[in-house]
Amino acid sequence: MNSPDPASSSMKGFPRKDGRKGIRNVVAVAYLVECAHHVSRLIVQRSGADDVHLIGFPGCYPNKYSLEMMQRLCTHPNVGAVLLVSLGCEGFNREQLRKHIAASGRQVDLLVIQQSGGTTRTLNAGLDVVRRMRAELAKQAQVPMALNELIVGTVCGGSDGTSGITANPAVGRCFDWLIENDAACIFEETGELIGCERIMASRAVTPELGREIEACVDKAANYYRIMGYGSFAPGNAEGGLTTLEEKSMGAYSKSGSSPIRGLIKPGDVPPRGGLYLLDVVPDGEPRFGFPNISDNAEIVELIACGSHLILFTTGRGSVVGSAISPVIKVCANPDTYERMADDMDVNAGRILHGAELDDVGREIFDLVQRVAAGELSKSEALGHQEFILTYKQFEPIGPACLPAA
Amino acid sequence: MSGNGSGSDQLPPLLLLHPDDNILVARRDIAAGERVELDGESFLIPAAVELGHKLARRALTAETRVLKYGAPIGSMKTAAARGEHVHLHNLRSDYIPSTTRDGGTDAH
């Protein structure tokens, strides 16, 4: 099947100072330690607005990765304004984060609970700030946006024996067509690609990049061995998957068939269109526990890399969405779809009943453009705005990871 | 995958994902005693298999590399007869053991 015609004429974005465009105009309320979480959540809930999202970092100890992630997330193109909420004594470098957001041209405000006078005063001040920010954002005009300005990430969760046959290859077709239109597409979880390292390396645009990809999967295998568990949940086995490498082969098909143009780490934004692999496994000796403790940690990292929206494939049936970027659910298993249709945007399981892979891929490709144009995904309409960010450490990527054109 | 979208009942219940594979995948739940076509022959399914699970395409001896999508997905811990369920009880990872909720693994 030839590449379907894009319908991108309907896509519009909110222009940002760095040249990127957002498909949403969210006010992010960010807690900078768990102790500020409740007050931040109250501000979000009592604002009564669907476009006010809660994000944050729970730890009290400073961490370079979490600061960089929060900088990336708070200046993500889907974010229009940010309210930072600090308790006051935590280690997070709130002034650097505030300056970084202000330099991006966004509205930013900082409330320190210990200085504001406690829960109620901070809540009331926060509601005033959010009201003012939303009024400003409402004045902002949208401009036309093309597919080559879009970044799409993909993740799988609750995989089963159908995932690698239906939803994942269908997303792969969609990725191929997005990339033909010069969009950037990101796939990830090197720990869930153990067993695919040589095949992936052969798709790299340079041999040096191929070697980097093999090395990063080796790193993931070593890391997970030390953790004592592979990225393999009991539900994967209940759904017919037996081994990590079997799950990997299914997950890998989300990447489609385009050449792999780069290997990036959380917070690295693809410099241009094409397919990118995101290395989510920390560098150095294992230090802070499992690389990603649940699916939303992976989604947050894809968003930190600039993903405007996320294609989430699921066999057992996940219901999650995300703060900041819409999540589109592609259901792999036709029985799960029957049970959970309200949560699923696409029924890829119908491939098992005779539907063509290309037709499902086309449906996903069209839906990506509609959601980018403002249509709400199912999880978005249901109010799912999950978010999780934990401690990690990374070294910057090497020169071989992003070969020049 | 081929198909015209009409009448999934007429579609073969077992999928061969790659010609090199030595396992087949259940396209739907298959009952014990159901008669299916296996490589052109009529075959009686010995035990129920759920959607997405795997069956031995032919008799597999212990230590046989299992191929799915034409790629290795682990090695047999014990032998399996033709048509037998291939899962945690007889297949193990060549990388990191899989774990179940009760703490069991696919390792020896």
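Within chain A, Ile260(A) has Leu275(A) as its bridge partner in β11(A). The model is predicted; local features are reported at pLDDT of at least 70 and side-chain atom pairs at pLDDT 80 or more, whereas totals for chains, interfaces and linings use all residues. Residues are numbered from 1 along each chain as its sequence is written, and chains are lettered from A and ligands numbered from 1 in the order in which they are written.

Strand β10(A) (residues 260-264) is joined by 4 bridges to β11(A) (residues 274-278), and the two run parallel. Strands are DSSP runs of E with at least two residues, numbered from the N terminus, and two strands are taken to pair if DSSP finds at least two bridges between them. A further position in this pairing is Ile264(A), which stands opposite Leu278(A) in β11(A). Strand β10(A) is mostly covered, with 5 of its 5 residues buried; a residue is termed buried if 20 or more other C-beta atoms, placed from the backbone, lie within 10 Å of its own. Both strands belong to an open sheet of 7 strands in chain A, in the order β10-β11-β9-β8-β12-β13-β14 and with parallel pairing. The edges of this sheet are formed by β10(A) and β14(A) (346-347), each of which pairs on one side only.

Strand β8(A) (residues 151-156) contains Gly153(A). Gly153(A) counts as buried because 27 C-beta neighbours lie inside 10 Å. Residues are in contact if their C-beta atoms, placed from the backbone, lie within 7 Å. Leaving aside residues up to four places away in sequence, Gly153(A) touches Ile186(A), Leu302(A), Cys305(A), Ser307(A) and Ile310(A). The C-alpha atoms of Gly153(A) and Tyr276(A) are 9.4 Å apart, with a sequence separation of 123 residues.

Chain B holds an open sheet of 4 strands in the order β1-β2-β5-β8, with antiparallel pairing. Its edge strands are β1(B) (14-15) and β8(B) (85-86), each pairing on one side only. Strands β2(B) (residues 23-26) and β5(B) (residues 54-56) run antiparallel and are joined by 3 bridges; Leu24(B) has Leu55(B) as its bridge partner in β5(B).

The contact between the chains takes 32 residues from chain A and 35 residues from chain B. On the side of chain B that touches chain A, β7(B) (71-76) and β9(B) (91-92) each supply at least two residues, and β7(B) gives the most, with 4 residues. By class, this side of chain B has 14 nonpolar, 13 polar and 8 charged residues. Here Ala, Val, Leu, Ile, Met, Phe, Trp, Tyr, Cys and Pro count as nonpolar, Asp, Glu, Lys and Arg as charged, and the others, Gly among them, as polar.

Note on methods. Contact = placed C-beta atoms within 7 Å. Buried ≥ 20, exposed ≤ 12 C-beta atoms within 10 Å, placed from the backbone.
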